[in-house]
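Here's a quick tour of a protein model. Have a look at the sequence and the 3D view, then read on.

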Amino acid sequence: MSNQFLPLILVCAFGGACKQEGSLCLMQMAKIYSALYDCQLNKKLVYVSILTSPTTGGVTTSFGMLGDIIIVEPNAYIAFAGKRVIEQTLNKTVPEGSQAAEFLFHKGLFNPIVPRNLLKDVECEPFTYNEYL
């Protein structure tokens, strides 16, 4: 793959595994991050991150957001922690919809919002590394 300079595409849908799996999950995330680092910096591959619903926790704070291009599906729930956890921890109300893809897109967190049935067309558009960086 890296000999052809094809983009690396990773589809993320994740939530709560670290609570259930603990350190094993964290080690796997570190391995993924290390591989991404190698692909992006050493092999100069474009990394396209596709966030589906839900994408939460460690994925949101690590490899899910490291993409050169970050694509998200409509109405996806994207957050570090759930609404209930934030409200109970901070004793503050989380605004409705503030963890939805559309809200976060308008804050500049993602590139395009693309429906799942159109992802193949978007992913297959030819592009070069320098065009997006």
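Below is a short briefing on the fold, the salt bridges and a surface patch.

Keep in mind that this is a predicted model. The protein has seven helices and three strands, and from the N terminus on they come in the order β-α-α-β-α-β-α-α-α-α.

**Overall picture**
- Of the 133 residues in the protein, 32% are buried.
- Take the contacts with a separation of 6 or more: 56% of them are between residues 24 or more positions apart.

**Salt bridges**
- Searching the whole structure turns up two salt bridges.
- One of them pairs Glu 73 with Arg 116, with 3.0 Å between the closest N and O atoms.
- That pair links distant parts of the chain, 43 residues apart: Glu 73 sits in the loop between strand 3 and helix 4, and Arg 116 in the loop between helix 5 and helix 6.
- Glu 73 is buried because its relative accessible area is 10%, whereas Arg 116, at 54%, is exposed.
- Lys 83 and Glu 96 also form a salt bridge, and their closest N and O atoms are 2.8 Å apart.
- Lys 83 is in helix 4 and Glu 96 is in the loop between helix 4 and helix 5, so this pair ties together parts 13 residues apart in sequence.
- Lys 83 is partly exposed at 28% relative accessibility, while Glu 96 is exposed at 71%.

**A nonpolar surface patch**
- Tyr 33, Tyr 37, Leu 41 and Leu 66 make up a nonpolar patch on the surface, and together they have about 370 Å² of accessible area.
- Tyr 37 belongs to helix 2, which covers residues 23-42.
- With 46% relative accessibility, Tyr 37 counts as partly exposed.

Technical notes:
Residues numbered from 1 in each chain as written. Predicted model: local features only at pLDDT ≥ 70, side-chain atom pairs only at ≥ 80, totals over all residues. Heavy atoms only, no water. Patch = residues over 30% accessible without salt bridge, like charges linked within 9 Å, V, L, I, M, F, W, Y side chains within 5 Å. Areas by Shrake-Rupley, 256 points an atom, 1.4 Å probe, with all protein chains shown as cover. Salt bridge = Lys/Arg side-chain N within 4 Å of Asp/Glu carboxyl O. Helix = DSSP H or I, 4+ residues; strand = E, 2+ residues; numbered from the N terminus. Buried < 20%, exposed > 50% of the residue type's maximum accessible area, 1.4 Å probe, protein only. Contact = heavy atoms within 4.5 Å.
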